[in-house]
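Today I am opening the notebook on a new model.

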Amino acid sequence: MPELPEVETVARSIKVHLIGKSFSSIVVNWDKVLHNFTINDFNDTISGLPVKEIYRRAKYIILDFGQQLLAVHLRMTGKLYVVKKIDRTKKHISLYISFDDKYLVFEDVRKFGRFYMFKNMEYLNEKLGVEPLENEFSEKWLLSSIKKRKRQIKSLLLDQSFICGIGNIYADEALWYSKIHPLSVSNDIPVKKILKLRKGIIKVLSESIKKGGTTIRDYTYDFSYVGNYALNLNVFGKEGTGCPRCSSVIIKTKVAQRGTHYCPKCQKK
DNA sequence: CCATGAACCTGGTCGC
DNA sequence: TGCGACCAGGTTCATG
């Protein structure tokens, strides 16, 4: 489900409930959800510590306890939300954590989502690329970095160690915006288009955050709100319909094993 | 370095 | 209705 705007939205939505609170206990229904720690580790090092800060890094939600971090990756269908009462009819609650008289719930139909415990951000920072909504994602950086690579541009945009946070929806949308064919080879793309691509990435991600992200099917935040950026999509899921710019029929193919939508007239290789 | 395919999971949809 | 095939906002690992 979630790319940068959705993860950002979820992080913000749980933050208001959790800052300053301490967790008392954790219940795990699907063992693999704890990727690199155990329930005992949680009880020994996190339980009882107040949450200092909550923020997003790439597609991870980070709960910062000062001495310790809890990181959550939602993968495809993970939902993270706070409730007063656990709904026992839900079939896919991988875990929940108690605080005060409430619960932080992690629900995940496909069970790909994971929790991680880290001492600090070193490990994640090491493997993750540039944040596209930060100053480091500069024209200079993108121009030089994209020239150094010789890769299908869509595949490069999905590479979290290059730029982080972009996923399948926003890759297609940003490429459409900048009129770049998804199979264009990165170091062949003209400077002008690269600059436009940068603008497009920033535009689609930031505008989507304002709308609470894109709900196609599963994604919700704060228990049940849907994201409204789906109304602004130009190509993703629009195969067979007219391009909003030139009216040609939007095509769907596969690039890097992912469904890929583009306008064959606007987006030439 | 880069591309591809499989694996991890469940559920919805489409065609027959 | 039922059944199989295929698809899904992601990541990682193995292989050529």
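I count two strands as paired if DSSP finds at least two bridges between them. Helices (H or I, at least four residues) and strands (E, at least two) are DSSP runs, numbered from the N terminus.

A note on the source: this is a predicted model, in which local features need pLDDT of at least 70, side-chain atom pairs count only at pLDDT 80 or more, and totals for chains, interfaces and linings use all residues. Residues are numbered from 1 along each chain as its sequence is written, while chains are lettered from A and ligands numbered from 1 in the order in which they are written.

**Entry 1**

I began with the pairing of Ile61, which stands opposite Val72 in S4. Looking the other way, I found Arg56 opposite Ile61 in S3. Another pair is Leu63 with its bridge partner Leu70 in S4.

Strand S3 (residues 60-64) and strand S4 (residues 69-73) are antiparallel and share 5 bridges. S2 and S3 also run antiparallel, joined by 5 bridges.

Then I stepped back to the sheet: it is open, has 4 strands in the order S2-S3-S4-S8, and its pairing is antiparallel. At the edges are strand S2 (53-57) and strand S8 (114-118), each of which pairs on one side only. On average, neighbouring strands here are turned by 20 degrees against each other, direction ignored. For such angles I use axes that are lines fitted to C-alpha atoms, for helices over the stretch in contact, and the angles run from 0 to 180 degrees between N-to-C directions.

Helix H1 (residues 4-18) packs on this sheet and touches S2 and S3, its direction making about 175 degrees with that of S2. Contact here means that the C-beta atoms of two residues, placed from the backbone, lie within 7 Å.

I also checked the turns. The hairpin of S2 and S3 has 2 residues between the strands, and Ala58 takes a positive phi near 55 degrees in it. In the hairpin of S3 and S4, with 4 residues between the strands, Gly66 has a positive phi near 85 degrees.

**Entry 2: the sheet with S1**

Which order do the strands of the open sheet with S1 follow? I read S1-S6-S7-S5, 4 strands with antiparallel pairing. Strand S1 (23-28) and strand S5 (78-83) are the edge strands, each pairing on one side only.

S1 pairs with strand S6 (residues 93-99) in the antiparallel sense over 5 bridges, and I noted Phe23 opposite Phe99 in S6. H1 turns up here too: it lies across S5 and strand S7 (102-108), at about 25 degrees to S5.

**Entry 3: helices around H7**

Next I followed helix H7 (residues 191-210), which packs with helix H6 (residues 168-177) at an angle of about 130 degrees, the axes 8 Å apart. H6 and H7 are therefore oblique to each other; angles under 35 degrees count as roughly parallel, over 145 as roughly antiparallel, 65 to 115 as roughly perpendicular and the rest as oblique. On the H6 side the contact is made by Tyr170, Glu173, Ala174 and Tyr177, and on the H7 side by Leu197, Gly200, Ile201, Lys203, Val204 and Leu205. These residues divide into 7 nonpolar, 1 polar and 2 charged. For the classes, Ala, Val, Leu, Ile, Met, Phe, Trp, Tyr, Cys and Pro count as nonpolar, Asp, Glu, Lys and Arg as charged, and the others, Gly among them, as polar.

Helix H4 (residues 139-148) packs with H7 at about 125 degrees, with axes 10 Å apart. That makes H4 oblique to H7. Glu139, Leu142, Leu143 and Ile146 of H4 meet Val191, Ile194, Leu195 and Arg198 of H7. I noted 6 nonpolar, no polar and 2 charged residues in this contact of H4 with H7.

H1 and H7 pack at about 35 degrees, their axes 8 Å apart. Leu4, Pro5, Glu8 and Thr9 in H1 touch Leu205, Ser208 and Ile209 in H7. This contact divides into 4 nonpolar, 2 polar and 1 charged.

**Entry 4: the DNA**

Which residues are closest to DNA strand B? I found 13 residues surrounding DNA strand B, the closest being Arg110, Lys111, Arg149, Arg151 and Gln152. A residue is near a strand if its C-beta atom, placed from the backbone, lies within 6 Å of it. The surface near DNA strand B has 3 nonpolar, 3 polar and 7 charged residues.
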